[in-house]
Amino acid sequence: MSSNAKLFFETIRKQPNPFDFLSNIPSPPRPYPFFEEEWLDFKGKPQNDNDAKKIWSKALSGYANITDGLIVWGIDARKTPPRDIDAASGLRLIDDPLAFESKLRDWIRDATIPPVMGVEYQSHINSTGEGFVICYIPESRHKPHRAEWADRQY
């Protein structure tokens, strides 16, 4: 049986236009908030590679140790006024999704001990070359995984 994370990963992949589908997640344009879940995390464009490495390391260890998870890079989630609802709130697209995906693939070997296996990726790009990177992280059979690049080891 597929997890919610895997089902949503496949739902995105099967969309006629995955970029448009992902672009419509933040509120607005959605009439109702699209919340993060225990299996779903939105991450806007990181400030730099060190920031991305910290986020990646922590997410890999967290999902691999507990449950399947999905990271959507390119969507910002934060509390926004006036209601202060913590949900997908805007787009902060990745400048070059294929290059960013390549970095994530390279970093996976050193981001956790032991490395997390079986991660799947999707990149979705618009006409300007910006876009999203979606990462499905399966629950590991080789836990625990320690995050090596987070501010502290998880």
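Residues are numbered from 1 along each chain as its sequence is written, and side-chain values use heavy atoms, with hydrogens and water left out. Because the model is predicted, local features need pLDDT of at least 70 and side-chain atom pairs count only at pLDDT 80 or more, while totals for chains, interfaces and linings use all residues.

An open sheet is formed by four strands in the order β1-β2-β7-β6, with mixed pairing; two strands are taken to pair if DSSP finds at least two bridges between them. The edge strands, β1 and β6 (120-125), each pair on one side only. On average, neighbouring strands of the sheet are turned by 15° against each other, direction ignored. Strands β2 and β7 run antiparallel and are joined by five bridges, and V72 stands opposite I134 in β7.

Helix α1 packs on this sheet and touches β1, β2, β6 and β7, its direction making about 35° with that of β6. Contact here means heavy atoms within 4.5 Å, and axes are lines fitted to C-alpha atoms, for helices over the stretch in contact, with angles from 0 to 180 degrees between N-to-C directions. Helix α3 lies across β1, β2, β6 and β7 and runs at about 160° to β2.

The largest nonpolar core holds 21 residues, of which W56, W73 and L104 touch the most other members. Such a core is a set of buried Ala, Val, Leu, Ile, Met, Phe, Trp, Tyr and Cys residues joined through side-chain atoms within 4.5 Å; buried means under 20% relative accessible area, exposed over 50% and partly exposed in between, with a 1.4 Å probe and protein chains only. Two or more residues of this core come from each of α3 (49-66), β2 (69-73), α4 (97-111) and β7, and α3 gives the most, with seven residues. When residues up to four places away in sequence are not counted, the contacts of W56 include I71, W73, L104, W107 and Y121. A second, separate core of 20 residues includes I25, L40, L93 and I134.

A search of the whole structure finds nine aromatic pairs. Rings of Phe, Tyr and Trp (its six-membered ring) pair if their centres lie within 6.5 Å, and planes under 30 degrees apart count as stacked, over 60 as edge-to-face and the rest as tilted. The pair of F8 and W39 is edge-to-face, because the ring centres are 6.1 Å apart and the planes lie at 70°. F8 belongs to helix α1 (residues 4-13) and W39 to the loop between α2 (18-23) and β1 (40-43), so this pair ties together parts that are 31 residues apart in sequence. F8 is buried at a relative accessible area of 12%, as is W39 at 15%. Ring pairs also link F8, F21, F34, W39 and F42 into a cluster.

F9 and Y136 form a tilted pair, with 5.9 Å from centre to centre and 40° between the planes. Since F9 lies in helix α1 and Y136 in strand β7 (residues 131-137), the pair ties together parts that are 127 residues apart in sequence. F9 is buried, with a relative accessible area of 0%, and Y136 is buried at 7%. K6 lies over the face of Y136, at 4.8 Å from the ring centre.

Methods
Lys NZ or Arg CZ within 6 Å of the ring centre and 35° of its normal.
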